[in-house]
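Biologist: I have the sequence and the coordinates open. Could we go through the strands, the salt bridges and the interface in turn?

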Amino acid sequence: MSLEIPVEQEKRIFERRGFISATISTLGAAIISAIGVPTCLYLFFPARNQRRNQWVDAGDVSQIGEKTPQQLTFRQFRRDGWKVQTEQASAWVVKNAKQVTAFGPACPHLGCAYHWDKSRDEFLCPCHGSRFSIDGKVLTGPSARPLDRYEIQVEGTRLWLGQVRQSKGSQT
Amino acid sequence: MRTSARAVTQWIDRRTGLISSARTFLNEEIPASSGWPQVFGSVALFLFLVQAFTGILLALNYAPTPGEAYSSLRFIINEVSGGRMIRGLHHWGASMMIVVVVLHMLQVFLYGAYRKPREATWLAGIALLLLVLGFGLTGYLLPWDNRAYWGTVVTTQIMGQAPFIGKYVQRFTGAENGVGAVTFARFYSLHVLILPAATTLLIALHVYLVRRHGVTPGPSDNRTTRKTFYPQQALKDVVAIFVAFSVLFLMAATVQAPLERLADPSDAEYIPRPEWYFLFLFQTLKFFEGALEPIGSVVLPTLTVLLLALVPFLDRGQIRRVWDRKIAMGAVALGIVGWTALTAAAVLTTPKQASQSLAGISSQEWNYVSPDELAGVGYFKRQQCGKCHNLVEGAPKAGPNLGLAASTKPEAWKMTHFKNNGGMSAGHASELNSVELRVLSTFLQRGAPEEMVSLLDVPEEMITAAQIYVRQGCSNCHKVNDAGQDAGPVLNGLMSRRSREWVEKHFADPQAMSPGTSMPPYHFSSADQKLLVDYLFSLPVR
């Protein structure tokens, strides 16, 4: 079917095609963005009301000796999506004459549980060999940050823990 | 730039053939008479994609077990960013799908487009219609609220009425011994695994057949003047899709999709009603009683589907203009009138119950608690009981968790405890009076911690209104949600009996509105009055 189409008419047809395809693209883009925005919110934005953990009574710190960190364990509530769960949590507590410090239980490198190595008086993470001093500073190993610390409040002999605050930067 | 773009498309096309296939698809020849009536198939396909997409998103935050489905859906609606919108799109998209599929079918039917050689296309379409209805039926259960539970109890009972196969269908849906975990798993699997797979395959077959036989030409089409799908028809399809989507988007954004109370198998007062597009079947059911019931519930619907499937084999005439097809027009008109009448009858005979979006206030759990408890929530907050007590979640606090078990302390002990704010605020004597103290105690006697926590999210206005109600001693004469005395009328359902103006005038001068009443006049501030009437009108109808 080879019909002869005058040049003028052909030009008009192609202009019209251009207009139509632009309209189709615009409407399509409108639909995709109208679905896309709530989708991005849904997938990549935090849920509302995921209340952070409140202060927890972690235990009695009067018996903790200086220079010997002690691991305190306690139960806390955790909001997990549509569920509220209780879970076991812990903190490494260090006391000296002036103050009490509570380190979060996870190695700042990749989240393994570390422990107090009595033979060398250092914290040791068994996963990748990071070592930390009693005040949390990195001695050796891959960790780029010192140990994270809990927000703390001491009431009498009781230690109350808040959020774990991420420690900053590298320091040795 | 343009040449390099062309080089890329050429590179891709030589290796995959995708671009030339798309071009062939877009340049399909269609009859010159095609136009707006032919857009519905594309819109239905688009809506299926929307349903699949939003369905997948919902599944990412949804726990498909009867225990958790409801709370995870509440989580989606109330807490996940954009969750209410996604759920709205999915919920209203389902209804819109039914509308568009039926319009598509009507168009094909009126144009006689099912005729030879397109019988198989029509049959695939009928199967797709059944699948769409299957999606509606199975998806209805998944929120696991009262509506879902009781609706499914009825439908699975109906399945059981099918002659010969009823027992097996019921067994397949896991509903032999009632609706429960097994039914839920079966419906969920059907909804997200089996039906989507079947629908995808059938859509592929359906579209393939449309392509194979071409779009049905009208009587005015002679075979020489054909046009291509792109651009004009493509534009019409996209415009139709855009209009449909705009309506859907607006509905999702403005009309809250229903979510009632958690499924309660012991709720003797719940009156289940199916989704609007099944109401005509529900109404048909009422015409058949006793042993004849399966005729209305199973036999008639089956025969209707069979009749629809047989249409291409019964009508073997020539293609004619739509307006000349008197019988087809008559059949459609009859169908529309019948459907509308049955649906209207079903709507009119449905007693008003749960205060679904009455006065713009949606039905929530807190609609069902007594005014005392609701007021108690307010006192719990005002007295800052939460400083020392948890209701369910949160780190341990000084006082015991009040949600885990009802307190065993004697009432007198509690009153003293409330009065001195648990001893926490020496010198700050509690300003609660005896009524308010009783109310607080009532609230704390509730057993279910989840419910208590959700009560903390009740709108402040409603709590204030409940406190006004309690303070005025309304429950000395009236009942609300089964709490209170019988001297005056029950206030649930006030909205369906009286207008706002009437209630307001009645407060000011009861004798003028209902002579002989023993109700004394009440003079509220206009703000209090508005709150109180809002609250009373939000109560579920009993």
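Biologist: Which residue stands opposite Tyr150(A) in β10(A)?

Modeller: This is a predicted model. Strand β9 of chain A, residues 149–155, pairs with β10(A) in the antiparallel sense over 6 bridges. In that pairing, the residue opposite Tyr150(A) is Val164(A).

Biologist: Which residue in the turn of the hairpin formed by β9(A) and β10(A) has a positive phi?

Modeller: The hairpin of β9(A) and β10(A) has 2 residues between its strands. The turn residue with a positive phi, about 65 degrees, is Gly156(A).

Biologist: What is the bridge partner of Val56(A) in β10(A)?

Modeller: β10(A), residues 158–165, also pairs with strand β1 of chain A, residues 56–60. That pairing is antiparallel and runs over 4 bridges. Within it, Val56(A) has as its bridge partner Leu161(A).

Biologist: Which residues are linked with Arg120(A) in a network of salt bridges?

Modeller: One link in this region joins Arg120(A) to Glu122(A), with the closest N and O atoms 3.8 Å apart. Arg120(A) is partly exposed at 47% relative accessibility, whereas Glu122(A) is buried at 14%. The network links Arg120(A) with Asp117(A), Glu122(A) and Arg131(A).

Biologist: How many residues apart in sequence are the parts tied together by Arg325(B) and Asp315(B)?

Modeller: The side chains of Arg325(B) and Asp315(B) meet in a salt bridge, N to O at 2.9 Å. Both residues lie in the loop between α12 (293–314) and α13 (326–348) of chain B, so the pair ties together parts whose separation in sequence is 10 residues.

Biologist: Is Arg325(B) buried or exposed?

Modeller: The cut-off for a buried residue is under 20% relative accessible area. Arg325(B) has a value of 5%, so Arg325(B) is buried.

Biologist: What is the relative accessibility of Asn146(B)?

Modeller: Asn146(B) is in helix α7 of chain B, residues 146–160. Leaving aside residues up to four places away in sequence, Asn146(B) touches several others, among them Glu260(B), Arg261(B), Asp264(B) and Tyr270(B). Asn146(B) counts as buried, with a relative accessibility of 1%.

Biologist: How many salt bridges does the rule find across the interface of chain B and chain A?

Modeller: Over all chains, the count of salt bridges is 13. At the interface, 41 residues of chain B are in contact with 35 residues of chain A. Between the two chains the rule finds 5 residue pairs in polar contact. For salt bridges across the interface, the number is 0.

Biologist: Which helix supplies the largest share of the side of chain B that touches chain A?

Modeller: Chain B and chain A bury about 3,400 Å² between them, 67% of it on carbon and sulfur atoms. α3 (40–59), α4 (66–78), α5 (83–110) and α10 (229–254) of chain B each supply at least two residues of the side that touches chain A. The largest share, 11 residues, comes from α10(B).

Biologist: How many residues of that side of chain B are nonpolar?

Modeller: The side of chain B that touches chain A includes 11 polar and 4 charged residues. The nonpolar residues number 26.

Biologist: Finally, what percentage of the residues in chain A is buried?

Modeller: Chain A has 1 helix and 10 strands, while chain B has 22 helices and 4 strands. In chain B, buried residues make up 46% of 542. For the 172 residues of chain A, the buried share is 35%.

Technical notes. Residues are numbered from 1 along each chain as its sequence is written. Chains are lettered from A and ligands numbered from 1 in the order in which they are written. This is a predicted model: local features need pLDDT of at least 70, side-chain atom pairs count only at pLDDT 80 or more; totals for chains, interfaces and linings use all residues. Side-chain values use heavy atoms; hydrogens and water are left out. Contact means heavy atoms within 4.5 Å. Buried area is the accessible area (1.4 Å probe) that two parts lose on being put together, summed over both. A salt bridge is a side-chain nitrogen of Lys or Arg within 4 Å of a carboxyl oxygen of Asp or Glu. A polar contact is a pair of N or O atoms within 3.5 Å; within protein, one must be able to donate a hydrogen and the other to accept it, and residues adjacent in sequence count only if both atoms are side-chain atoms. Ala, Val, Leu, Ile, Met, Phe, Trp, Tyr, Cys and Pro count as nonpolar, Asp, Glu, Lys and Arg as charged, and the others, Gly among them, as polar. Buried means under 20% relative accessible area, exposed over 50%, partly exposed in between (1.4 Å probe, protein chains only). Two strands pair if DSSP finds at least two bridges between them.
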